[in-house]
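Q: Please take a close look at one part of this model, and then follow the side-chain contacts elsewhere in the chain.

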Amino acid sequence: MKNKDIYREIGNVDEKYIREADPTAPTSGVKRRKLTVLAACISVFAVFLSLWLFLPFSGELEDLSKYSNSEYYGLMLKVQELACRPANYRYANNFEKYVMSIGRVFDSATGESAVPNASMDLNVDKYEEVTDNQYDGVIEGDLFKRSDKNIFYLDPYNLILYSYSIEGECKLDEFNVREVIGKYAGASWESEIFLSPDCTKVTVLIPAYNKTIAVMLDVTDAAYIKEAEVVEISGSVISSRMKDGKLLLITGMPIYNEPDFSDESEFLPQITKNGECESLAAPDILYNEDCTNAYYTVAVMLDAESLDVLGSLAVLDNAWVVSVSENNIFLGCNFYGYTEESGENDNEIITKNINQTNIYTISYSSGTLENKGVVRVDGFLNDQYSLDEKDGVLRVVTETHKRIGKRYLTVDKEVYSYVQVERYNSADLYCIDLSTLEIIGSVIGFAPEGEQVASVRFDGDSAYVCTAVVVSFTDPVFFFDLSDMSNITYTDTGVIEGFSTSLIELDGGYLLGIGYGNTRDHLKLEIYEEKNGMVVSVCTYELRGVEFSEDYKSYYINRKDNLFGLMTSKADVGDYILVHFNGGAMVPVANVRFDRVSDEGVTRATIVDGKLFVFASEGQFKATKLEQ
């Protein structure tokens, strides 16, 4: 033992003299052993890191049995089926998942709520409806609302307040709603506003990251506009309505891949008010076992004066089209159906692909939201005007795409070959009894082969449908008589130039079509009427070389005086045109020039006391007096 100690000391002495003689010389002994231990630790860590990074994933889904006592357990299993994949579905291992992939995008929420000030009294009084709503008494959200004293216009997050004066400065005040909510705002074209019936409150609906924020502003005193209430609802706004003091809000909420089922916000729709967040109850979330969409459509009913939640319901499906009647909310959810059946021969299978729509009916007439069931029809809906409720019957027009084929076993009976037998596009009309959800009348395949639905309007016992071959700019317009749903009859115009993206029923049995002529820069307004069992063109008004919006809310429609207005643009210079139909021809009444127009779809206009007020993109506003 003493000899070992002597040798160790000698070694230390040698090391001391070596360092003094050459400081750059490599160390040994204790430090060498420390380096050896450190290297060993690094090697062990590297081995474990390599195993964690490069060992392949097992390919199994998360075991959710630990949530079996949850009221959402069945829903969790369905969401997992739709939104989750085995861990090796996208990444083979953790190296690909964490090193080679892009991270999540997080919602940012910064800033303090700001209270904007105004300098003038709005002096609001009587509510005046300006939006051309689909149903009487059911008010649609829009960028534009007014009282008989003032105008409220959202552009796109600035709420601008105007008076009706055309002399001097008529802008009263403006403020940025994003500063009020203090959160990231999303697509501006989805924003819209409501004005309360007593004109004391403005509710602004703002899309944010996977949520919609409803901000109620108290405008009783324009010198101190203040935030009254804020409600956050999962999903981006799809559509909204106000009726009898109730605000109906419909949003769409995607479920992102691999949700964390321990965090309800990742797989359940939620409502937040006054800092309190609640998930929708399990009985209020509807889903079918054959659902294929990892997406919620959320319907919420709020008190229009307080934003208190009166009812909520969600469907695990993606509603592409929403229509709201006096009693019901209709959600049109698209999907592609596929069926197989045996053919005439043993080695033959007949396949059918067809686009279809599930239409969910949610009643709100009782003061809460109630599920009334779902009906399935062939084809897709074009827009909200493709659905219409009258006397307990839902009338629907769809655009259908069908493909029928045959699969044959090859000679070795191991591989199938496919032959397409039939493929066509057309349009269908259905009448559905809402008490039974049974189809009580229909016209199948009425459109010419290869045409698609361009626009639909219902008016009483009549329906108007424009179908078109879009690439060649030709169309017929159909008129349907729905007075006897067991014997629906129809006539059409035959093939004419252009097609209408909007159809507007007018007094006297006339129909106005707004759309395209024979090119994409050819605006065509056309008046139709039914005469002697035929639908005929009465007159047209056309402008070439211009762009215009297909958004129906951007048009000024005055059926009483047969006045129609919309924004056109050419090389970013805009002209707002106002046209009058005098019974035989369409005559231009006014042309208001704007120096720049970045978006024709946000234009709004109204006529008050013989004065035309036009609101355009980027805060532009002009008022002009109309000639008598």
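Which order do the six strands of the open sheet have, and with what pairing?

A: The model is a predicted one. Its open sheet of six strands runs in the order 2-11-12-16-17-15, and the pairing is mixed. Strand 2 (139–140) and strand 15 (285–286) are the edge strands, each pairing on one side only. In general, strands of a sheet pair through backbone hydrogen bonds, in either a parallel or an antiparallel sense. Within this sheet, strand 11 (residues 236–243) and strand 12 (residues 246–254) are antiparallel partners, joined over seven bridges. Met242 is found opposite Leu247 of strand 12.

The loop between strand 16 (295–303) and strand 17 (309–315) carries Glu305, which links to Lys201 in strand 8 (residues 201–208), 104 residues apart. The link is a salt bridge, with 3.6 Å between the closest N and O atoms of Glu305 and Lys201. Glu305 has a relative accessibility of 34% and so counts as partly exposed.

Other salt bridges lie elsewhere in the chain; the count comes to 21. One of them joins Lys406 and Glu348, whose closest N and O atoms are 3.9 Å apart. Because Lys406 belongs to strand 23 (residues 393–409) and Glu348 to strand 20 (residues 348–363), this pair ties together parts that are 58 residues apart in sequence. The two partners fall into separate classes of accessibility: Lys406 is partly exposed at 24% relative accessible area, whereas Glu348 is buried at 5%.

Another salt bridge is formed by Arg596 and Glu618, with the closest N and O atoms 3.0 Å apart. Arg596 sits in the loop between strand 40 (586–594) and strand 41 (604–608), and Glu618 in the loop between strand 42 and strand 43 (620–625); the two residues are 22 residues apart. Arg596 is partly exposed, with 37% relative accessible area, and Glu618 is partly exposed, with 44%.

Tyr162 and Phe615 make a tilted pair, with 5.0 Å from centre to centre and 55° between the planes. Tyr162 is part of strand 5 (residues 158–163) and Phe615 of strand 42 (residues 611–616), so their contact ties together parts 453 residues apart in sequence. Both Tyr162 and Phe615 are buried. These two residues also belong to one aromatic cluster, together with Phe144, Tyr153, Tyr164, Phe613 and Phe621.

What about rings whose planes are edge-to-face? Tyr336 and Phe380 form such a pair, because their planes stand at 75°, with the ring centres 5.2 Å apart. Tyr336 lies in strand 19 (residues 328–342) and Phe380 in the loop between strand 21 (370–378) and strand 22 (387–390), so the pair ties together parts 44 residues apart in sequence. Tyr336 counts as exposed, at 62% relative accessibility, whereas Phe380 is buried, at 18% relative accessible area.

The charged end of Arg457 sits over the ring of Tyr385, 3.7 Å from its centre. Lys622 lies over the face of Phe594, 5.2 Å from the ring centre.

Leu35 belongs to helix 2 (residues 30–54) and counts as exposed, at 53% relative accessibility.

Notes:
Residues are numbered from 1 along each chain as its sequence is written. This is a predicted model: local features need pLDDT of at least 70, side-chain atom pairs count only at pLDDT 80 or more; totals for chains, interfaces and linings use all residues. Side-chain values use heavy atoms; hydrogens and water are left out. Helices (H or I, at least four residues) and strands (E, at least two) are DSSP runs, numbered from the N terminus. Buried means under 20% relative accessible area, exposed over 50%, partly exposed in between (1.4 Å probe, protein chains only). Two strands pair if DSSP finds at least two bridges between them. Rings of Phe, Tyr and Trp (its six-membered ring) pair if their centres lie within 6.5 Å; planes under 30 degrees apart count as stacked, over 60 as edge-to-face and the rest as tilted. A charge sits over a ring if NZ of Lys or CZ of Arg is within 6 Å of the ring centre and within 35 degrees of the ring normal. A salt bridge is a side-chain nitrogen of Lys or Arg within 4 Å of a carboxyl oxygen of Asp or Glu.
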